[in-house]
Amino acid sequence: MSAVTEETPDTIAHGPDPHAHDGHPPTNTGVSNAKIAMWGFLGSECLLFGALISTYLLYRGRSVVGPFPKDVYDIPFTSVSSFVLLMSSLTMVLALSSIQRRDERRLRVWLLATALLGATFIAGQIYEFTSFVHKGLTIHTNLFGSSFFVMTGFHGVHVTLGIVMLITLWGMSMRGQLPPENAEVVEIVGLYWHFVDIVWIVIFTIVYLIK
Amino acid sequence: MATVLEPTTADAPVVTAPKPVPVLRRPTNTSGFWGWITTVDHKRIGILYGVTAFIFFLFGGVEALLIRLQLARPNGTFLSAHLYNQLFTMHGTTMIFLVVMPISAAFFNYLAPIMIGARDVAFPRLNAFSYWTFLVGGIFINSSWLLGGAPDGGWFGYAPNTSVTFSPGHNIDFWIFGLQILGIASTVGALNLIVTILNLRAPGMELFRMSVFTWMTLVSSFLILFAMPIITIALFLLMFDRQFGASFFDPARGGDPVLWQHLFWLFGHPEVYILILPAMGIVSEVIPVFARKPLFGYRVMVFSGIAIGFMGWGVWVHHMFAVGLGPWAVSAFSVSTMFIAVPTGVKIFNWLATCWRGSIKFATPMLFSLGFIAMFTIGGLSGVTHAVSPHDRQQTDTYYIVAHFHYVLFGGALFGIMAGIYYWWPKIFGYMLNDRIGKWHFWLWFIGFNLTFGPFHLLGLEGMPRRIYTYDKGLGLDFWNMVSTIGAFVIAASVLVFLSNVARSYRHRTPAPADPWDGRTLEWTIPSPTPAYNFAELPVVHELDDFWHRKYGEDAEGRMVKLAPPVTEGSLNLHREGVHLPSPSYFPALASLGLPIMAYGMIYRTYAVVAFGAIFLIGSLYAWGLEPSSAPQDDAHDDHVNAIAPSGEAAAITAGDAPATEASIEGEQP
Amino acid sequence: MAAVDTHNDAHTDDAAHAGHPSELVYIKVALGLALATGVEVLLSYHKVGGEHGTVALLLILAVVKFATVVMYFMHLKFDHPYFRRLFAIGIVLAVGCYCVYLSTLHVFHRPPLPH
């Protein structure tokens, strides 16, 4: 559900607010509505991914028939794609840093770099899924297949939505619709992106590394 | 903490981003049919929520009447077993997701922004999106009646009973996708309200000066925000089982049915408090007004509401005592369930203490509130009896449980909601509901309620199981079942009395004054019905129950004395033009249409339709994103601030009370 | 326009922007994260401190990485406390509730299965 909440930076509060553009709306807390909304959404997402990860944990070692994790996992490959996603967090934060310095050219470079790293991760995931299917593991093979594909697929959809948002930001910047005064939009998309990254940190350890 | 802040960069250059090309011309009309479709006004959205939910209430009520007709006599043949299953499933699903939650949302939307002194919610278009998503979700799930049968797995949808093996039709699929859509609506709405309450309070409106209703709005919104994702995942897993052959709940392949129960009740128990906390908030507003005393123990009231919100996360296993989770789990959750009665009991005693030695006016809202306290206490006590796990073994899946949750959901939530409807009706619609007919409504409702659900306690203890479509003669169940059916029709009659009250009061309407009940909260300072901009000048708040303290003081002996009537926007009937409000938009309603399209595509396995729905949704979201939240000045019909008041008193309000608020009113910028 | 507020929350956001770490800090943090990931992968091949010790180490590393990204890249360390609270509620509820339900199903101490 809901890629809906994150793409709505309408911070209108009490009528029009000429200062809304510079990220300092006159709110009780002094921080923008959109940023609170994003953090609340991420808090909610914790329970979403928590349910998937706990389902995987519940069914660990309970599959009646193979293939089992040890038959299909390719740890070196997944380590590399995890590393790629982790580094995309660095490029994301550099994009934010650039727009805060009013450097729109570097902003676009880092946004594209982040989207590209994210796409690399997704490509890796597609490759991984295909290779698992070739090894005989599908969503209906066993509990491992069901819980693995649903959990990582759900994460993959989140990454994909993030890529869409990044490319949208890049397009807006190209058309001059993302002036440095709107740096907060980049920050908010960044929050989402980093969150998707930290979910993968947990999944990588719990699902792949712990035997 | 927290007043409205001076923007720190008042002289920063105002940025003008290039004007995006609009996909649809911005709607400007705020009246008529399209005005309602495109509205982003939190009050209109609140009314839409309320009216829609009331229509669903009639649906759910008719379903209940059919159930009672079937059970009126032993070996009933009025309904088939299969239809009976659909009816009780849809009755539960409707009353919870399409009635109590959205009526609460109606009150949240209409009142919370006004009570904190704001002009709208934080994200007005997102608010509209929540409503339309709720509407399409409700229509979607009910469309199953015409498309081969409604959901029939109970509102809890226990797997694997809901798996393809046992439910091969599309019934359960409608339930799954319908609840997903409704979940999106609730989550988005809750997030919006949280941000609104945290961020948009008027100057001086500190958190501990907010009304208890606003607090309960905040707590329920947090519960929605954190509970909905759990059922989202549970429904996703079930969807993968049903649509793609996954094995999450298939015991033959090692799946664990208890997983469903855990996930469902991890959501389901917070959900119980999502349903009851708003009603608790409503009666906490009504009782002090009609007892003419401040709410007893305001802070304790707020903290016990928060405590219920937190403890609500630690009791879900009491729905699963009969599963066999072992003595440790059962004992721990038995104790935690008893503990949650403590903050609830605190609230009940605080309401009673508020009434104690008050000069009580038994107007209709007060009657419903007192009814709430009594009925909810009965429901709460039967709840404590099934916290005792050995006792629960006896009660599980009997009518005793059905009695319990109707006493808390009908006796609690719906009584509170009715109190709220009578109490705020004049503020929302500008005329009073007839109090005499209102009392008829109350007593019929009260008697009908107890006739219907009181006997369930006895039936349950006699051993009548839930969810059976009929029972044999001679089991000792005949009499009380008949009484219950009669009671159900008395409730139906009371609803007709209510509807006739609405119609009659409208025909003979007298305009309601701004403050008909001698209220305490900010909504009574402004005209009835509320003007589009809520407050001509944003109020400045100095204490809890600020409006009351502007009306009443104390004399030397500490007795309450009435002060000179305060000058308010309501007392002046002040109208103002040119407050720049968020502009209406087509896109929230359009975007929400994408969701049921996707859901139908999923159910009928036509993935092209799913893709179309997704593209439709994303396209609408893009168009929405490109549209500024409020139309630029030139196309809005908005002039400079122009107070039309009976003389220059408006200026007096401004000068005296609200120096900080100019920042947010168009035209008064430096 | 009158200044009413005496309360300095308004400036938190400014302060937060001013307090955002420099790009050099981000790069150092990323290097640390990369290093931690390397150690994790090594640990999965060469057990340290037995099965339990390795699992404990891996979990600790994951928590450290998680916290580092949240604190530095998501600026939670420098930002308004509301954000910390909102996120913390989510994390605490998720970890708490899901761990309890898993333990009622004996996930953390179940007898070894055949495979």
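Reader: In chain B, what share of the contacts with a separation of 6 or more comes from residues 24 or more positions apart?

Author: The model is predicted. In chain B, 82% of those contacts join residues 24 or more positions apart.

Reader: What does the secondary structure of chain B come to?

Author: Chain B has 19 helices and four strands. Its radius of gyration is 26 Å, close to the 26 Å from the globule rule for 670 residues, so chain B is as compact as a globular protein of that length. The C-alpha trace spans about 80 × 65 × 50 Å along its principal axes.

Reader: How many of the 670 residues of chain B, as a percentage, count as buried?

Author: The figure is 63%.

Reader: Now the interface. How much area do chain A and chain C bury between them?

Author: Interface size is often given as the accessible area lost when the parts come together. Here chain A and chain C bury about 4600 Å², with 71% of it on carbon and sulfur atoms. W39(A), L47(A) and I198(A) supply 14% of the area that chain A buries against chain C, more than any other three residues. The contact draws 55 residues from chain A and 49 residues from chain C.

Reader: How many salt bridges cross the interface of chain A and chain C?

Author: The rule finds three. One joins the side chains of K35(A) and D79(C), at 2.9 Å from N to O. Polar contacts between the two chains come to seven residue pairs.

Reader: Which elements of chain A give two or more residues to the side that touches chain C?

Author: They are α1 (33-58), α3 (75-100) and α6 (183-209) of chain A. By class, that side of chain A has 28 nonpolar, 19 polar and eight charged residues.

Conventions:
Residues are numbered from 1 along each chain as its sequence is written. Chains are lettered from A and ligands numbered from 1 in the order in which they are written. This is a predicted model: local features need pLDDT of at least 70, side-chain atom pairs count only at pLDDT 80 or more; totals for chains, interfaces and linings use all residues. Side-chain values use heavy atoms; hydrogens and water are left out. Contact means heavy atoms within 4.5 Å. Buried area is the accessible area (1.4 Å probe) that two parts lose on being put together, summed over both. A salt bridge is a side-chain nitrogen of Lys or Arg within 4 Å of a carboxyl oxygen of Asp or Glu. A polar contact is a pair of N or O atoms within 3.5 Å; within protein, one must be able to donate a hydrogen and the other to accept it, and residues adjacent in sequence count only if both atoms are side-chain atoms. Ala, Val, Leu, Ile, Met, Phe, Trp, Tyr, Cys and Pro count as nonpolar, Asp, Glu, Lys and Arg as charged, and the others, Gly among them, as polar. The radius of gyration is taken over C-alpha atoms; the globule rule is 2.2 Å times the number of residues to the power 0.38. Buried means under 20% relative accessible area, exposed over 50%, partly exposed in between (1.4 Å probe, protein chains only).
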